[in-house]
Amino acid sequence: MNYTHEGTLDEVRRSSCCVVLRLFFPLLVMLPVPLAAQTVRDAPYIPANDSVVLQLVPPQTDPRVRQFDQLRSDFSAHPQDAAKAVLLATAYVDYGRSTGDARYLGRAMAVIQPFLASPTPPVPVLLIHATIQQSRHFFQASRDELTQILKRDPGNVQALLTLATVAMVQGDHALANRLCVDLTNNAGNFMGMICSASLRSLSGQGAQANALFSYVEDPGPKAPPAIAAWIEGLMADNAARMGLVDQADTHFKKALQLTPGDNFLLADYGEFLIDHGRAKEAIDLVGGDTQSDTSFLVLVTAEKALGLPKAKTDITEMDARFRSMDQRGDHVFMREEASYLLHVEHDPKIALDLATQNWQVQRAPKDVRVYLEAALATNDPAAAKPALDFIDSTHLRDVTIDPLVAQLKAAQPDRSALSVPASPSRSFARGSDR
């Protein structure tokens, strides 16, 4: 299926096409948007010599970086123009998401902040603000803002798409289903299929999801490479959940060919490689991207799995990065830290505490997985009840999760007396594309 509606393509791109429906990012959506690496130190750090690299700056050879200059110049010449502010903020957000450099989220916020002070901010300003909130994992704040946007503009495609994403990340499949229908009605079958396929992938209907994805795998020659990469990434995640390892591997590689160096794809593929005993390949994949916290976490996990001597030094650095997030009040990557504590630091009790806190915020498959793994590691199957009930109600199926469910249910034979009745499988409402 070719998708040639250029205006809608632009809306999709601005809603961060490589992340918006990645369930990750998610991992979670997916990691979801990592913070720039910062190390906590007791005293100011003074480099030993001029050759020490403190921070890598974006290269001027990158066309996105060159574009910043023009957009900044346009906005500086028209500081009251909200449309120009949104263009600049969007460029910052897209770059920050692609590279994992969260400083650009801060720059985007600074650009739109004056317009947010208005009693009635323009809808495009609210949209980019909601996208930033989503990127920072402030899902409820993003959801509230998107809901308000849709009251003002019910057919806003970007708001519908981003809210559908947030609903899926939070495990609200009923809302996500309604939004998929609205997307079909307002943006056509292309977006409706992607939304519906993503939801079915989370609802134990992987084969149906794959069939829908196959209709949109080729978005047409007018689509930016990021659109095709986004779809390939979604197909990779779905294939991985189904245990179709070769298919998932192929889709990941296609996605990275289309958008080399994409921060989220690198982390997602790196985790997949580690899962399948290919830690050396994971190191080769992310080794040149260690400023990104997500890529560095993949690197550390792979080094630990292989027992490499370098792991000790890098674990110390990863610990410092997590402490830095805590000090800044940015402790929003609890799932990732829970997984790190469980698999690298081998501290299952604190990992379970973090996984439980994280469950109140997001419920993507990777959130489910680390919650169940931590409950098993602490020999506390009862702690996993919320996740097990969620799996019963959504019918989530994932080859990395299914064995954990079986182990927990075997360890808690009287669970039927504790769990809530499973909800019936929700079919897509009339009007959704099948």
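Which residues are buried in α20? Ala-387, Leu-388, Asp-389, Phe-390, Ile-391, Asp-392, Ser-393 and Thr-394 are. Buried means under 20% relative accessible area, exposed over 50%, and partly exposed in between, with a 1.4 Å probe and protein chains only. Helices here are DSSP runs of H or I with at least four residues, numbered from the N terminus.

The model is predicted: local features need pLDDT of at least 70, side-chain atom pairs count only at pLDDT 80 or more, and totals for chains, interfaces and linings use all residues. Residues are numbered from 1 along each chain as its sequence is written, and side-chain values use heavy atoms, with hydrogens and water left out.

**Helix α20**

Helix α20 spans residues 385-394, and eight of its 10 residues are buried, so the rest of the structure largely encloses it. Its buried residues pack against α8, α18, α19 (365-377) and α21 (402-411). Contact means heavy atoms within 4.5 Å. Just after α20 comes His-395, with a positive phi of about 65°.

**The α17/α18 pair**

Helix α17 covers residues 334-343 and helix α18 covers residues 348-359. They pack at an angle of about 165°, and their axes are 8 Å apart. α17 is therefore roughly antiparallel to α18. Axes are lines fitted to C-alpha atoms, for helices over the stretch in contact, and angles run from 0 to 180 degrees between N-to-C directions. Under 35 degrees counts as roughly parallel, over 145 as roughly antiparallel, 65 to 115 as roughly perpendicular, and the rest as oblique.

On the α17 side, the contact involves Met-334, Arg-335, Glu-337, Ala-338, Leu-341 and Leu-342. On the α18 side, it involves Pro-348, Ile-350, Ala-351, Leu-354, Ala-355, Gln-357 and Asn-358. By class, nine residues in this contact are nonpolar, two polar and two charged. Ala, Val, Leu, Ile, Met, Phe, Trp, Tyr, Cys and Pro count as nonpolar; Asp, Glu, Lys and Arg count as charged; the others, Gly among them, are polar.

Asn-358 sits in helix α18. Leaving aside residues up to four places away in sequence, Asn-358 touches Met-334, Arg-335 and Asp-367.

**The disulfide**

There is one disulfide in the structure. A pair of cysteine sulfur atoms within 2.5 Å counts as one. Cys-180 and Cys-195 form it, with sulfur atoms 2.0 Å apart. The pair links distant parts of the chain, 15 residues apart: Cys-180 is in helix α8 (residues 173-187) and Cys-195 in helix α9 (residues 189-201). The angle about the S-S bond is -75°, and the link of Cys-180 and Cys-195 is left-handed.

**Individual buried residues**

The table gathers relative accessible areas.

| Residue | Relative accessible area | Class |
|---|---|---|
| Cys-180 | 0% | buried |
| Cys-195 | 0% | buried |
| Asn-358 | 1% | buried |
| Phe-333 | 5% | buried |
| Arg-321 | 6% | buried |

Two of these entries also have a C-alpha spacing to report. Arg-321 lies in helix α16 (residues 311-327). Arg-321 and Asp-293 are 28 residues apart in sequence, and 7.8 Å apart in space from C-alpha to C-alpha. Phe-333 lies in the loop between α16 and α17. Phe-333 and Arg-136 are 197 residues apart in sequence, with 9.0 Å between their C-alpha atoms.

Terms used
Helix = DSSP H or I, 4+ residues; strand = E, 2+ residues; numbered from the N terminus.
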